[in-house]
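Welcome, and thanks for taking a look at this one with us. Below is a short briefing to read side by side with the model.

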Amino acid sequence: MKALEDKIVTEGTVLPGNVLKVGSFLNHQIDCDLIMEMGREIARLFKGAAITKILTVEASGIAVAMGAGAAMHVPVLFAKKNKTANVSGAIYTTAIHSYTHGVDYHVMVEKKFLKQSDVVLLVDDFLANGEALRGLADLVNQAGASLAGAACAIEKGFQKGGDALRQQGLRIESLAIIEKMSENGIVFRKQ
Ligand code: 5GP
């Protein structure tokens, strides 16, 4: 998606450890117009997939997921990292290894929000090693729901999560795929 690639080039910063910082429009401050445009693009890509629910993980996936949910007119469910007092009832849980924080954390969703009849689209802001998508897919499997695929805003194509999951049969659509990046510049994969 050209508008997203342009934004990454003008506002993104490459940090040590292969981390791209996009705090000015995605991970801290949010560019709502761009998020909604990304949501419409995700809806276009998955048109006809009969999706009934979007599943993401808190916190930074929520904005992109909401853009997609608004365009597709389906609810957005986010896996929570902490079981707080306002979570009640039966839950599905899974462990996800955090790329940016380097630790495992447990996420959960209440069973009542993920049904066997759901056709689920996974959405996240970044795709690196694929741990977040693997964890979310596990929650969908536990619920016996159908997995339609995954949509990510930014995939780091030089890390192998996306290609590995595609080889396992998961449909993944990324709005921008970075082939390589350094302080000197960013090269996108032609899609
Ligand atoms: P994965 O689970 O695919 O290894 O990593 C994806 C998750 O790690 C995303 O949910 C995202 O929050 C975080 N992440 C991975 N790489 C980056 C990056 O380069 N920049 C930022 N801001 N987040 C990243």
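Where is the place of Ala59? Ala59 lies in the loop that runs between strand S3 (53-57) and helix H4 (62-72). Please keep in mind that this is a predicted model.

**The ligand and its shell**

- The ligand sits in the largest pocket.
- There are 17 residues around the ligand, and those that come nearest are Leu20, Asp124, Asn129, Gly130 and Ala132.
- By class, the shell around the ligand divides into seven nonpolar, six polar and four charged residues.
- Strand S2 (19-21), strand S7 (119-127) and helix H5 (131-143) each supply at least two residues of this shell.
- Which element gives the most to the shell around the ligand? That is S7, with four residues.

**Polar atoms facing the ligand**

- The side chain of Asn27 has an N or O atom 2.8 Å from a nitrogen atom of the ligand.
- In the side chain of Asp124, an N or O atom is 2.8 Å from an oxygen atom of the ligand; Asp124 is also among the residues that come nearest to the ligand.
- Glu131 takes part through its backbone, where a polar atom is 3.1 Å from an oxygen atom of the ligand.
- How much of the ligand does the protein bury? Taken alone, the ligand exposes 500 Å², and the protein buries 91% of that.

**Backbone geometry to look at**

- As a reminder, most residues other than glycine have a negative phi, and most peptide bonds are trans.
- The peptide bond from Glu58 to Ala59 is cis, with omega near 10°, and Ala59 belongs to the loop between S3 and H4.
- Asn18 is not a glycine, yet its phi is positive, near 60°.
- You will find Asn18 in the loop between strand S1 (13-15) and S2.
- Is Asn18 buried, partly exposed or exposed? Asn18 counts as partly exposed because its relative accessible area is 34%, which falls between the 20% and 50% cut-offs.
- Ala50 also has a positive phi, of about 55°, although it is not a glycine.
- Ala50 is in the loop between helix H3 (32-45) and S3.
- With a relative accessible area of 56%, Ala50 is over the 50% cut-off and so is exposed.

- Val22 is in the loop between S2 and helix H2 (23-27). Val22 is buried because its relative accessible area is 0%, under the 20% cut-off.
- From Val22 to Val119 there are 97 residues in sequence and 30 Å in space, C-alpha to C-alpha.
- Ala164 is part of helix H6 (residues 161-167). At 26% relative accessibility, Ala164 counts as partly exposed.
- Ala164 and Gly130 are 34 residues apart in sequence and 8.2 Å apart in space, C-alpha to C-alpha; Gly130 is one of the residues that come nearest to the ligand.
- Asn184 is in the loop between strand S9 (172-182) and strand S10 (185-188). Its relative accessibility is 76%, so Asn184 counts as exposed, the cut-off being over 50%.
- Asn184 and Ile54 are 130 residues apart in sequence, with 36 Å between their C-alpha atoms.

Key. Residues are numbered from 1 along each chain as its sequence is written. This is a predicted model: local features need pLDDT of at least 70, side-chain atom pairs count only at pLDDT 80 or more; totals for chains, interfaces and linings use all residues. Side-chain values use heavy atoms; hydrogens and water are left out. A residue is near a molecule or strand if one of its heavy atoms lies within 4 Å of it. A polar contact is a pair of N or O atoms within 3.5 Å; within protein, one must be able to donate a hydrogen and the other to accept it, and residues adjacent in sequence count only if both atoms are side-chain atoms. Accessible areas come from the Shrake-Rupley method with a 1.4 Å probe; for residues, only the protein chains shown count as cover. On a 1 Å grid over the protein atoms alone, a cavity is a set of points where a 1.4 Å probe fits but cannot get out, and a pocket is an open set with protein on both sides within 12 Å along at least five of seven lines; lining residues have an atom within 4 Å of a point. A molecule sits in a cavity or pocket if more than half of its atoms lie within 2 Å of its grid points. Ala, Val, Leu, Ile, Met, Phe, Trp, Tyr, Cys and Pro count as nonpolar, Asp, Glu, Lys and Arg as charged, and the others, Gly among them, as polar. Buried means under 20% relative accessible area, exposed over 50%, partly exposed in between (1.4 Å probe, protein chains only).
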